[in-house]
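Dear colleague,

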Amino acid sequence: MSIFIKGGTIVTAERTYKSDVYCENGVIKAIGEDLDVPSGAEILDASGQYVMPGGIDPHTHMELPFMGTVASEDFFSGTSAGAAGGTTMIIDFVIPSPNQSLLEAFDTWSGWAAKAATDYSFHVAVTWWDESVSAEMETLVTERGVNSFKHFMAYKGAIMCDDEVLVNSFTRARELGAIATVHAENGELVFHLQDQITKMGITGPEGHPLSRPPEVEGEAASRAIRIAQVLDVPLYIVHNSAKDSLDAITRARNEGQRVYGEVLAGHLLVDDSVYRNEDFEFAAAHVMSPPFRAKHHQDALWKGLQSGMLQTTATDHCCFCAPQKAAGKDDFRKIPNGTGGVEDRMGVLWHHGVNTGKLTMNEFVAVTSANAAKIFNIYPRKGSISIGADADIILWDPEMTRTISVKTHHQQVDFNIFEGMEVKGANTVTISQGNIVYKDGELRTVKGAGRYINRPAFASYYDALNIKREVEKPTAVDRSKGKKKTA
Ligand code: URQ
Ligand code: ZN
Ligand code: ZN
């Protein structure tokens, strides 16, 4: 299939300029003003619209088995919903159970993801440690195209990593030229606070944020940052929800440490009042970790995006329907954690980011696509409009308005955390691998069309960044000549 995008304005993370784009066999073949239209090409009139890289959501959990159930969104429905909203690639998570082979889990997730409609990749979680994990991490890097390893510092008794696992795994990631990523909440504190709160007779969803205050996130973010600093490994902190973790990232980055931060569209726009809603289903639908926070945290997170201290946006799309959330009817600790958003991220960030002047259009492309591609080493194949790049492209009409609702979304979940939100600016066309997968409200995704995208590790992170670091090597004290002289 070949597509000729005519008369649009290209917006990338770097620049904005009028030009046509020609795509053939899944890649961008030509970019230029007044290009000749090759015969047989499908012509898209992009006049009055922006032509941007498709969104990359670096944090999703399609059909995740979690807390005794399985997320309701699968890889086909979830990537289709993403395409409907302008996202053309997800990075999901392989999460082995403790003592499970990472490679075995990778193969299981690969089987599920085979139905994906658009391209995908996997972060792999390290949930336990022994030498076999170390060996499998190498296989994942050298043979499966994995360059990022996830660590849950929360979820005690399930997939939580203690400091020993963090230190071993971070060390190994550095050796392999991979990046360490963390879910930063102190799981011991959460467990303790959950116990205290339920003993006070608070069993409803309002107990969830009470058991995970911002300080619990700030501590874990600071600890992960310090461990990464000592071990000299790049670190990516997922779903920063509070000023506390943002401050930890800001301090580290100001010191020149290689730390990256992600923020969810939900954490930028939804506040903690949802948990005090008297309707259990409404409040429980918002139970995710870290929880939605008070408004001043949202203000700080927006500033983190504007300042560049936070580099990526995501959704942590991990959906559970009301009957599943009801497992925690009498005990908030049993409410499956997770909310959706893969379809709405681009629209809500354009409306609340670009339309308000917080972000330029170029910054919008950076935080919804290009930066994730760069951090996870698939740029410019992804996240760019450039010759040879994958033809993952969206046509964006800045004047189009829509109201977000569970009644109209394509997500396989019975709730939408952005319910009723009116946004201005939307994709009219989504192109994945050079094929139209969404056009004027009609989904045209094909089950299984998505590809697994290899993400090469850096030989070493610093080599890749061409940074020659003069690191002073420590030396032993020579005591062969006898007693210490007086100082
Ligand atoms: O912690 C995560 O990122 C997964 C388990 C999704 N759930 C959530 O509450 N964020
Ligand atoms: Zn998480
Ligand atoms: Zn997650």
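In which sense do strand E1 and strand E4 pair, and over how many bridges? Please bear in mind that this is a predicted model. Strand E1 (residues 2-6) and strand E4 (residues 20-24) are antiparallel, and 4 bridges connect them. Within this pairing, Phe4 is found opposite Tyr22 in E4.

These two strands belong to an open sheet of 4 strands, arranged in the order E5-E4-E1-E6 with mixed pairing. Strand E5 (27-32) and strand E6 (42-45) are at the edges; each has a single partner strand, so one side of each lacks a neighbour in the sheet. From one strand to the next, the twist averages 20°.

Strand E19 (residues 422-432) runs antiparallel to strand E20 (residues 435-439), with 4 bridges between them. Thr430 faces Tyr438 in E20. The hairpin of E19 and E20 has 2 residues between the strands, and Gln433 in the turn shows a positive phi of about 55°. E20 is also joined, by 2 bridges, to the antiparallel strand E21 (residues 442-443). Here Tyr438 has Leu443 as its bridge partner in E21. The hairpin of E20 and E21 likewise has 2 residues between the strands, and Asp440 adopts a positive phi near 45°.

The aromatic side chains come next. How many aromatic pairs does the structure hold? There are 17 aromatic pairs. In one of them, the ring centres of Tyr50 and Trp350 are 5.9 Å apart and the planes are at 40°, so this pair is tilted. Tyr50 lies in strand E7 (residues 50-53) and Trp350 in helix H13 (residues 345-354), so that the pair links distant parts of the chain, 300 residues apart. Trp350 is buried, with a relative accessible area of 2%.

Another pair is formed by Phe106 and Phe122, whose ring centres are 5.7 Å apart; because their planes are at 80°, the pair is edge-to-face. Phe106 is in helix H2 (residues 102-113), whereas Phe122 is in strand E12 (residues 119-125), 16 residues apart. Is Phe106 buried or exposed? Phe106 counts as buried at 4% relative accessibility, and Phe122 is buried at 0%. Both residues belong to a cluster in which ring pairs link Phe75, Phe106, Tyr120, Phe122 and Tyr452.

Finally, two charged residues lie over ring faces. Arg15 is over the face of Tyr17, 3.6 Å from the ring centre, and Lys329 is over the face of Phe280, at 4.3 Å from the ring centre.

Yours sincerely

Definitions and conventions: Residues numbered from 1 in each chain as written. Chains lettered and ligands numbered in written order. Predicted model: local features only at pLDDT ≥ 70, side-chain atom pairs only at ≥ 80, totals over all residues. Heavy atoms only, no water. Pairing = 2+ DSSP bridges. Axes fitted to C-alpha atoms, helices over the stretch in contact; angles between N-to-C directions. Phe/Tyr/Trp six-rings, centres within 6.5 Å; stacked < 30°, edge-to-face > 60°. Buried < 20%, exposed > 50% of the residue type's maximum accessible area, 1.4 Å probe, protein only. Lys NZ or Arg CZ within 6 Å of the ring centre and 35° of its normal.
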